[in-house]
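Subject: Structure handover

Hello,

Here is the structure I promised to pass on. Please open it beside this email and follow along.

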Amino acid sequence: MVKLLLLFFVFFSTAYGDDKIDLVKVYKSSKKMFLMSGSEVIKVYDIILGKDPDGHKRRVGDYKTPEGTYILDYKNSQSTYYKSIHISYPNEKDKADAAKKGWDPGGDITIHGQKKGSLTKEEWTEGCIGVTNKEMDEILELLDLPVTIIIEP
């Protein structure tokens with residue numbers, strides 16, 4: 001029994017450890033999100049994106065997820081989509097680029113759980129990063145905000 005407990009402790013401390021998550025990396029093309037501590041991958045999630053995810057978000061209603069470096073700045077337990085973590089889109093460059101075109105850059109981009117009432121993973125976002133509700137709870141526990149998020153094509 002002691003050996004089993006020791007194995008569990010070693011596995012658990014390796015999987016989550018005491019490492020602070022200091023970076024979240026998202027790769028849109030592979031639909032993967034990595035929680036990182038330094039250069040070490042702590043956890044990997046399959047993600048859901050909007051129905052037209054290719055390219056950088058430019059305006060409201062384009063169904064794209066932003067690309068670049070942002071900050072995960074606050075948690076929302078009262079989100080429309082279960083629970084969420086806000087992404088600091090649009091930044092000043094995003095706002096300026098949209099203004100040049102006369103567009104509204106949009107906002108309220110998050111990592112979030114499933115749409116209320118949805119039981120399956122599906123293309124349910126309009127530019128956000130979707131995970132299951134169980135995964136969202138885990139991510140909320142693992143992240144101590146603010147944390148940098150880098151979203152790659």
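How many aromatic pairs does a search of the whole structure find? The search finds 2. Keep in mind that this is a predicted model.

**The aromatic pairs**

A pair of aromatic rings is described by the distance of the centres and the angle of the planes. Start with tyrosine 27 and phenylalanine 34. Their ring centres are 5.7 Å apart and their planes meet at 80°, so this pair is edge-to-face. Tyrosine 27 is partly exposed, because its relative accessible area is 29%.

Now go to tyrosine 70 and tyrosine 89. Here the centres are 6.0 Å apart and the planes are at 65°, so this pair is edge-to-face. The pair links distant parts of the chain, 19 residues apart. Tyrosine 70 belongs to strand β4 (residues 68-76), while tyrosine 89 is in the loop between β5 (84-87) and α2 (92-101). Tyrosine 89 has 2% and is buried.

**Charges over rings**

Two spots are worth a look. Lysine 51 lies over the face of tyrosine 63, at 4.4 Å from the ring centre. The charged end of arginine 59 sits over the ring of tryptophan 103, at 4.3 Å from the centre of that ring.

**Strand β5 and its partners**

Next, find β5. It runs antiparallel to β4, and 4 bridges join them. It runs antiparallel to β6 (110-112) as well, with 3 bridges. Histidine 86 shows both pairings. Tyrosine 74 stands opposite histidine 86, and threonine 110 in β6 is a bridge partner of histidine 86.

In a regular strand the side chains alternate between the two faces of the sheet. Which residues of β5 lie on each side? Ser84 and His86 are on one side, and Ile85 and Ile87 are on the other. All four are buried, and both faces of β5 are covered.

**The nonpolar core**

The largest nonpolar core has 25 residues. Ile87 is among those with the most contacts inside it, along with Val24, Met33, Ile129, Leu143 and Ile149. Several elements give two or more residues to this core: β1 (23-27), β2 (32-37), β3 (40-46), β4, β5, α3 (133-142) and β8 (147-152).

Stay on isoleucine 87 for a moment. Leaving aside neighbours within four places in sequence, its contacts include Tyr70, Ile71, Leu72, Ile109, Thr110, Ile129 and Ile149. Tyr70 is the residue from the second aromatic pair.

Glycine 113 is in the loop between β6 and β7. Glycine 113 counts as buried, because its relative accessibility is 0%. Glycine 113 and threonine 80 are 33 residues apart in sequence, with 9.2 Å between their C-alpha atoms.

Threonine 125 is in the loop between β6 and β7 (129-130). Why does threonine 125 count as buried? Its relative accessibility is 4%, and buried means under 20%. The side chain of threonine 125 reaches two backbone atoms. One is the nitrogen of glycine 50, at 2.9 Å. The other is the oxygen of cysteine 128, at 3.2 Å. Not counting residues up to four places away in sequence, threonine 125 touches Ile48, Leu49, Gly50, Lys51, Tyr63, His112 and Gly130. Lys51 and Tyr63 are the lysine and the ring from the charge section.

Best wishes

Technical notes
Residues numbered from 1 in each chain as written. Predicted model: local features only at pLDDT ≥ 70, side-chain atom pairs only at ≥ 80, totals over all residues. Heavy atoms only, no water. Buried < 20%, exposed > 50% of the residue type's maximum accessible area, 1.4 Å probe, protein only. Polar contact = N/O pair within 3.5 Å; in protein donor to acceptor, adjacent residues only side chain to side chain. Contact = heavy atoms within 4.5 Å. Phe/Tyr/Trp six-rings, centres within 6.5 Å; stacked < 30°, edge-to-face > 60°. Lys NZ or Arg CZ within 6 Å of the ring centre and 35° of its normal. Pairing = 2+ DSSP bridges. Core = buried A, V, L, I, M, F, W, Y, C linked by side-chain atoms within 4.5 Å.
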